[in-house]
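Dear colleague,

Please find below the structure that I am handing over to you. My findings follow it.

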Amino acid sequence: MASLFLLPAGFGFAIFYLWPSLRALYMSFTDYSLLRGEGELVGLQNYEDMIADPLFWQSMRVTGLYVLINIVVQTILALLIAVMMDRLTRSVIIRGILVLPWLIPQVVVGLLWLWMLDPRLGVVNHLLNVVGIGSQGFLGSPDQVVPSLAGINTWRFVGYTALLLFAGLQMIPKHLYESAALDGAGEIRMFFRVTLPLLRPVLALVLVLSVVGSFQVFDLVQVATGGIGGQPGGPADSSLVIYVYIFRQAFNFNNAGYAAAMSAVLAVLLALVTVLIMRGLRGSRSDLA
């Protein structure tokens, strides 16, 4: 009987996820072109070209740096915000304010920060000049563009991530904190000895969602850097993340087979990262059980 209720979701998964994934995997072994249509089988040629492609490795390095900065900063800030909400206030209004940036479409976020970080007219550089720091390149600087993009993404998602962690904090019994306080433990010690260990399953889930989402960044880079470096991924390919490079190969260079091969490699990489995070943090087990 339960299978009947799963049929609609299973049908949707098969049509919109499973079949496109299998189709893309097949395309990765062909020279498929969006203009020519069906291509001929080329075996592992696309994967061999990928290994020898310096732009592919550069895009992976850029993506890795973006993910590292985004995950570290976002997770630390989200943990601090979640703990402060749990300790100081549980106001629904504050939770609503925190989730507001997450409700804004990513394209709008990209345009908003593109204008705010403009080297000449942006309000951020205006404020920096007021305090004597001087204008910064931000999205127009090869050295600052990736940290800037990671900061924008953190601004958008940190409130949502904090709410997920806050929900996990609500599952921790309060008598554990009372017992720790009676034993003389301070807030910092309780955080590392009580909060973090018991929050581990939720933290593992949040890390998986954040890492996978960070690897899949596309629209933010497409919008925020498209007007700066002449094409998305600029300036000088310094923000060329893997999704932008896949899009460029498929639609700009009409090389859909090669783009499918990169997508297949990325899917395997994300699966491995997910397994490592879940096993490393023992996300399937809780100390509260």
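Which residues make the nonpolar surface patch of about 960 Å²? The patch is made by Phe-11, Phe-13, Ile-15, Phe-16, Tyr-17, Leu-18, Trp-19 and Leu-22. (Such a patch takes residues with over 30% relative accessible area and no salt bridge, and joins nonpolar side chains within 5 Å.)

This is a predicted model, in which local features need pLDDT of at least 70 and side-chain atom pairs count only at pLDDT 80 or more, while totals for chains, interfaces and linings use all residues. Residues are numbered from 1 along each chain, and side-chain values use heavy atoms, without hydrogens and water.

Leu-22 lies in helix H1 (residues 2–27); helices here are DSSP runs (H or I) of at least four residues. Leu-22 counts as partly exposed because its relative accessibility is 47%, the class between buried (under 20%) and exposed (over 50%), with a 1.4 Å probe.

The largest pocket holds about 590 Å³ of space. (A pocket is an open set of points on a 1 Å grid, where a 1.4 Å probe fits, with protein on both sides within 12 Å along at least five of seven lines; lining residues have an atom within 4 Å of a point.) Of its 24 lining residues, the closest to the centre are Ala-24, Tyr-243, Ala-260, Ser-263 and Ala-264. H12 supplies the largest share of this lining, 10 residues. The lining comprises 21 nonpolar, 3 polar and no charged residues.

The second largest pocket has a volume of about 300 Å³. H9 gives the most to its lining, with 6 residues.

Yours sincerely

Key: Patches are made of residues with over 30% relative accessible area and no salt bridge: like charges are joined within 9 Å, nonpolar side chains (Val, Leu, Ile, Met, Phe, Trp, Tyr) within 5 Å. Accessible areas come from the Shrake-Rupley method with a 1.4 Å probe; for residues, only the protein chains shown count as cover. A salt bridge is a side-chain nitrogen of Lys or Arg within 4 Å of a carboxyl oxygen of Asp or Glu. Helices (H or I, at least four residues) and strands (E, at least two) are DSSP runs, numbered from the N terminus. Grid points are joined across faces, edges and corners, and a volume is the space filled by probe spheres set on the points. Ala, Val, Leu, Ile, Met, Phe, Trp, Tyr, Cys and Pro count as nonpolar, Asp, Glu, Lys and Arg as charged, and the others, Gly among them, as polar.
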